[in-house]
Amino acid sequence: MNGLDANAWQTELLQTLDVGLIVLDRDFKVCLWNSFMVNHSGIEAQSVLGKSLFECFEDLPASWLKRKLDSVFMLGNRAFITWQERPWLFRFKSYRPFTGGAEAMYQNITLIPLNQGEMGAEHLGIMIYDMTDAALNHKALEGANDSLQALSRTDRLTELYNRGYWEECLAQEFQRFLRTRQTSTLVMLDIDHFKAINDNYGHQAGDEVIRQVAARIQLLTRTTDLCGRYGGEEFGILLVNTEADQAMQFAERLRLRIESETVQIGSQLLSITVSLGVAPCHDAQVNHSQWIEVADQALYRSKQTGRNRVTLADLDPYEQKQTSGNLYSSA
Ligand SMILES: Nc1nc2c(ncn2[C@@H]2O[C@H](COP(=O)(O)OP(=O)(O)OP(=O)(O)O)[C@@H](O)[C@H]2O)c(=O)[nH]1
């Protein structure tokens, strides 16, 4: 085989390669434009050969790309641009049926210095790899992981956080309090006489009451607050960056809201009340479990003293303030 033949089949191979191939000179003028580029850009080689790439493709990120190309020309090192860094350089449609979901073809780019001399490379090859399948698979996997993570944190009945994840958040918040001394306050809430609802109206009615109480909690809290289902009909609400008096006002508002809105079960309208315990984070608590314990004691006190009320925990358990109806009182 002579040199001319070798040149011919090498050119033929480059033309049919399923990879985009462009060769540029130092003025960014196009010296080679293979059939992959013709097929995907819709622009024939004779329309771009001898012209500046940046004149032919005005939507290229010119200053960013020129910087990259110049450094390959000068330093003579290869450079890579991945689809994660920049999804595409040339905005090509993605035709393959499997990758129909992609807005455009995802690309990995390799920049290769060619004809290296003392003054750096004289030419530069740009290779464009179609990464659409890999990128979409990667994104689908990420999406599935996100959904799985959300599912593993969520209580199925109420769509609030489940106990495990909510406690993790509380433990983190407790650590943050130790570092920053910024007070957050915990509100524990339990539905009153819930067993009677189950007994009188059935378990499904009980579930609906739990769902409705959760919906009201979600409605009255901010997105930064962390609401979880702690047990059957008990909920934990962590009010981030909130002092005890503001938390008491919140808890009283929530209590009133639940008391004033009936829950419809079939043709019946049920009146629901809840008891609450409020506990700000405090130095006297050694960990988040003690924090829950203190709030739970205040909740227990609300139950003991008649239910449908809010009790503020005190480090001295005999010094608890309460609200019931519209009145604040001391126990
Ligand atoms: N429907 C339903 N019931 C539940 C669920 N989890 C726990 N329970 C029931 O909730 C009831 C809780 O009753 P108790 O702990 O005696 O409390 P209570 O009747 O609310 O009384 P007080 O809290 O003292 O006002 C029990 O009957 C549990 O079986 C649930 O997911 N769905």
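A residue is called buried when its relative accessible area is under 20%, exposed when that value is over 50%, and partly exposed in between, using a 1.4 Å probe and protein chains only. The model is predicted: local features need pLDDT of at least 70, side-chain atom pairs count only at pLDDT 80 or more, and totals for chains, interfaces and linings use all residues. Residues are numbered from 1 along each chain as its sequence is written, and side-chain values use heavy atoms, with hydrogens and water left out.

**Aromatic pairs**

The structure holds 12 aromatic pairs. Rings of Phe, Tyr and Trp (its six-membered ring) pair if their centres lie within 6.5 Å; planes under 30 degrees apart count as stacked, over 60 as edge-to-face and the rest as tilted. Tryptophan 83 and tyrosine 106 form an edge-to-face pair, with 5.6 Å from centre to centre and 85° between the planes. Both residues of this pair lie in the loop between strand S3 (79–81) and strand S4 (107–117), 23 residues apart, and the pair links distant parts of the chain. Helices (H or I, at least four residues) and strands (E, at least two) are DSSP runs, numbered from the N terminus. Tryptophan 83 is buried at a relative accessible area of 9%, and tyrosine 106 counts as buried at 10%.

The rings of phenylalanine 174 and phenylalanine 177 form a tilted pair, because their planes stand at 45° with the centres 6.4 Å apart. These two residues are three apart in helix H7 (residues 163–180), so about one helical turn separates them. Phenylalanine 174 and phenylalanine 177 are both buried. Elsewhere, ring pairs join Trp33, Phe57, Phe90 and Phe92 into a cluster.

Two arginines lie over ring faces. A charge sits over a ring if NZ of Lys or CZ of Arg is within 6 Å of the ring centre and within 35 degrees of the ring normal. Arginine 181 lies over the face of phenylalanine 177 at 4.9 Å from the ring centre, and arginine 163 over that of tyrosine 230 at 3.9 Å.

**Ligand shell**

The ligand is surrounded by 16 residues, the closest being His193, Phe194, Lys195, Asp207 and Arg229. A residue is near a molecule if one of its heavy atoms lies within 4 Å of it. By class, the shell has three nonpolar, five polar and eight charged residues. Strand S6 (185–191), helix H8 (194–201) and helix H9 (203–220) each supply at least two residues of the shell; H9 gives the most, with four.

| Protein atom | Ligand atom | Distance |
|---|---|---|
| Backbone N or O of histidine 193 | oxygen | 2.8 Å |
| Backbone N or O of histidine 203 | nitrogen | 3.1 Å |
| Polar side-chain atom of lysine 303 | oxygen | 2.8 Å |

The protein covers 66% of the 660 Å² of accessible area that the ligand has on its own, with areas from the Shrake-Rupley method and a 1.4 Å probe.

**Buried polar side chains**

Serine 275 lies in strand S11 and is buried, with a relative accessible area of 0%. Its side chain makes a polar contact with the side chain of aspartate 192 at 2.7 Å. Such a contact is a pair of N or O atoms within 3.5 Å; within protein, one must be able to donate a hydrogen and the other to accept it, and residues adjacent in sequence count only if both atoms are side-chain atoms. The side chain of serine 275 also reaches the backbone nitrogen of asparagine 308 at 3.3 Å.

Technical notes
Nonpolar A, V, L, I, M, F, W, Y, C, P; charged D, E, K, R; others polar.
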